[in-house]
Amino acid sequence: MSMAWFLGLGIAGVVLLVASLLLDGVLEGLFGGADALDGLFDGWLSLPVIAGFVSMLGFAGAIAMGTTGVGAIGATAVGVPAGAATGWLAYRVSRALMSDRSGAAPRGDDLIGAAGSVVTAIPADGYGEILVHLGGQPVKLAAKCPVAVARGAEVWVAETLSQTSVLVRPVER
């Protein structure tokens with residue numbers, strides 16, 4: 001076995017990684033049956049982990065073979081632990097990214113206490129419109145208030161009535 005085999009493995013791993021990124025989940029679905037043991041291999045047989053292992057096995061083996069002159073067995077002995085470490089790292093990074101909840105979508109309860117301004121006057125017996133900033137984005141909502149509120153007035157959201165309407169109270173300064 002020559003250095004070309006190890007370089008081929010390294011390149012094949014990189015190609016597999018690019019394919020898994022471009023086809024995002026399509027290739028994962030093809031290998032979905034590999035998780036047949038009730039989650040025993042949950043994440044360990046994912047394409048990024050396999051690609052990391054194969055590419056590092058190949059590249060580390062080729063480097064070992066080219067720099068030290070060891071044979072195929074020695075290059076494999078260097079490549080397998082390097083591939084395992086890279087696969088483990090890919091697994092840990094993907095698990096950390098999958099469990100990140102900092103980008104969760106805002107919910108209706110996140111509106112309570114938010115300040116907004118009236119863009120369409122709110123009558124005492126009906127709805128008007130307010131503009132609030134939710135998650136850094138301006139959101140226009142239907143608003144109801146027990147008292148009439150003029151256009152341009154500042155209000156606070158007291159309650160969410162639905163996904164698109166709120167109960168507000170005027171800010172008194």
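Modeller: Helices (H or I, at least four residues) and strands (E, at least two) are DSSP runs, numbered from the N terminus. Just after α3, Gly 69 takes a positive phi of about 80°. This is a predicted model, in which local features need pLDDT of at least 70, side-chain atom pairs count only at pLDDT 80 or more, and totals for chains, interfaces and linings use all residues. Residues are numbered from 1 along each chain as its sequence is written, and side-chain values use heavy atoms, with hydrogens and water left out.

Colleague: Why is Leu 97 called exposed?

Modeller: Exposed means over 50% relative accessible area, buried under 20%, and partly exposed in between (1.4 Å probe, protein chains only). Leu 97, in helix α4 (residues 72–98), has 61%, so it counts as exposed. In α3, by contrast, the buried residues include Leu 47, Val 49 and Met 65.

Colleague: What makes strands β2 and β3 a pair?

Modeller: Two strands pair if DSSP finds at least two bridges between them. Strand β2 (residues 127–134) and strand β3 (residues 137–144) have 8, in the antiparallel sense, so they qualify. The bridge partner of Ile 130 is Leu 141 in β3. Both strands belong to a barrel of 5 strands, closed in the order β1-β2-β3-β5-β4 with mixed pairing.
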